[in-house]
Amino acid sequence: MEEIIVLRSSQNEVLLQEIKDKLNVDVQKVHLSVRPTINIVASILTAAPKIKLITCPPSLFERTPRKIKEALSKVGVKFEALLLTPGRPRMHADTKIDGIYGLKKKGYSAKKISKDLGIPLTTVYYYLNKK
């Protein structure tokens with residue numbers, strides 16, 4: 001069975017970065033934790049031209065504009081409701097979270113990591129204490 005790539009970011013800028021980081025020409029299935037917009041769909045189609053299925057939670061599926069559903073259908077991409085990722089979407093891309101650990105290994109202070117990555121200090125402490 002083909003793996004579904006889950007995109008969990010809730011902020012548009014972070015989601016677009018996550019699309020660039022996680023999707024490639026071989027990806028065929030994607031699950032979104034946000035309601036798809038034209039920009040998001042265009043980014044997915046650009047990053048994963050062989051995409052066959054895009055899913056999102058049922059509550060967001062119902063609120064997705066008909067035009068987006070029709071546009072996906074025209075390019076041969078199925079768009080379905082799927083309850084896959086319960087819980088709150090992430091606010092920061094995985095690359096930034098990995099950056100926290102990388103900078104800490106280099107000896108950076110939590111305050112410097114926060115400033116360099118543009119992540120709140122409390123979030124930096126959260127991830128550092130999590131490991």
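**Helices and a pocket in a predicted model**

Helices α5 (94-105) and α7 (121-130) each supply at least two residues to the lining of the largest pocket. The model is predicted, so that local features need a pLDDT of at least 70 and side-chain atom pairs count only at pLDDT 80 or more, while totals for chains, interfaces and linings use all residues. Residues are numbered from 1 along each chain as its sequence is written, and side-chain values use heavy atoms, with hydrogens and water left out.

To return to the pocket, α7 contributes four residues, the largest share of the lining of the largest pocket. The lining comprises 11 residues in total, and Arg90, Ile97, Tyr126, Tyr127 and Lys130 are those that lie nearest the centre of the pocket. (A pocket is an open set of points on a 1 Å grid over the protein atoms alone, where a 1.4 Å probe fits, with protein on both sides within 12 Å along at least five of seven lines; lining residues have an atom within 4 Å of a point.) Sorted by class, five of the lining residues are nonpolar, two are polar and four are charged (Ala, Val, Leu, Ile, Met, Phe, Trp, Tyr, Cys and Pro count as nonpolar, Asp, Glu, Lys and Arg as charged, and the others, Gly among them, as polar).

The two helices named at the outset also pack on one another: the axes of α5 and α7 are 10 Å apart, and the packing angle is about 75° (axes are lines fitted to C-alpha atoms, for helices over the stretch in contact, and angles run from 0 to 180 degrees between N-to-C directions). The helices α5 and α7 are therefore roughly perpendicular to each other (65 to 115 degrees, with angles under 35 counting as roughly parallel, over 145 as roughly antiparallel and the rest as oblique). In this packing, Ile97, Ile100, Tyr101 and Lys104 of α5 meet Val124, Tyr127 and Leu128 of α7 (contact means heavy atoms within 4.5 Å). The residues of the contact of α5 with α7 comprise six nonpolar, no polar and one charged.

Helix α7 has a further partner in helix α6 (residues 110-117), for the axes of α6 and α7 come within 9 Å and cross at roughly 120°, which makes α6 oblique to α7. Here Ala110, Lys111, Ile113 and Ser114 of α6 touch Leu121, Val124, Tyr125 and Leu128 of α7, and the residues of this contact divide into six nonpolar, one polar and one charged.

The contact involves Asn12, Leu15, Leu16 and Ile19 on the α1 side, and Asn39, Ile40, Ser43, Ile44 and Ala47 on the α2 side. By class, the contact of α1 with α2 has six nonpolar and three polar residues, with no charged residues.
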